[in-house]
Amino acid sequence: MYQWLIDWIRMASLVARVGREHQRYDGNFRLVSGCIPYKVAGDGEGFNSDWQHKLKVLMVSSPNRNDLVFPKGGWEDDETAEEAASREALEEAGVRGILKKNILGIWEFRSKTREKACCLKGGCRGYMYALEVTEELDNWPEQGDRSRKWLTIEEASELCRYDWMRHALEKFLQLMSDNMKAAGLADYCATATTTLSTPNVMALVL
């Protein structure tokens with residue numbers, strides 16, 4: 001009966017962080033953290049031989065642009081990289097979930113359209129993780145500026161604006177394959193496509 005009130009109070013407590021007072025930098029690089037939110041779509045049977053087609057990843061639109069990106073943003077000095085990634089997923093995409101401990105990688109890149117938004121030389125160092133989505137909110141802090149869309153791996157790869165994003169998607173797919181092998185589902189991993197492209201990026205993969 002009062003669920004609407006509970007939801008309203010919950011939403012009112014969610015406010016996106018703004019400003020750069022607590023932004024972390026490493027030399028000329030602005031440090032950012034983000035994630036690839038994912039879920040297994042379908043009939044509830046979980047992974048099977050068609051697991052790669054049941055795997056969906058979530059992308060969000062960029063303000064004032066038509067392209068789609070993975071949730072990410074500034075890593076601030078009062079949080080860990082993992083906490084920043086989870087926060088950005090909530091603020092930009094309106095999802096909560098389980099952040100996987102294994103980092104997908106660390107990428108250094110230059111913002112092509114908002115060079116001054118990163119730092120004087122336009123350099124960003126991004127830490128990317130995988131987030132298993134357990135909750136999708138109907139309302140979220142940046143809903144007015146961003147839309148969200150669930151996509152297959154192939155669809156997401158085609159829509160990646162930057163090579164480093166596509167490379168992160170490859171690492172995500174490899175992580176999922178490795179996790180299934182560890183769980184004894186090696187037969188389902190034989191058809192995994194872990195090479196979606198050959199990006200020309202500077203990557204530091206842990």
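So, Glu79, Arg87, Glu88 and Glu91: these four are joined up in a network of salt bridges. Keep in mind that what we're looking at is a predicted model. Search the whole structure and you get 13 salt bridges, and I'd like to walk through some of them.

Okay, next up, Asp67. Which side chain does Asp67 meet in a salt bridge at 3.1 Å, N to O? That's Arg65. Arg65 has 27% relative accessibility, so we call Arg65 partly exposed.

Asp67 also has a salt bridge with Arg161, and there the N to O distance is 3.8 Å. Where do these two sit in the fold? Asp67 is in the loop between β3 (55-61) and β4 (68-69), while Arg161 is in the loop between α5 (153-159) and α6 (163-182). The two parts are 94 residues apart in sequence, so this pair ties them together. Arg161 itself comes out at 38% relative accessibility, which puts Arg161 in the partly exposed class too.

Last pair for today: Glu142 and Arg146. They form a salt bridge, and the closest N and O atoms are 2.8 Å apart. Buried or exposed, these two? Buried, both Glu142 and Arg146.

So, to recap: there's the network with Glu79, Arg87, Glu88 and Glu91, there's Asp67 with Arg65 and with Arg161, and there's the buried pair, Glu142 and Arg146. Okay, that's me done.

Definitions and conventions. Residues numbered from 1 in each chain as written. Predicted model: local features only at pLDDT ≥ 70, side-chain atom pairs only at ≥ 80, totals over all residues. Heavy atoms only, no water. Buried < 20%, exposed > 50% of the residue type's maximum accessible area, 1.4 Å probe, protein only. Helix = DSSP H or I, 4+ residues; strand = E, 2+ residues; numbered from the N terminus.
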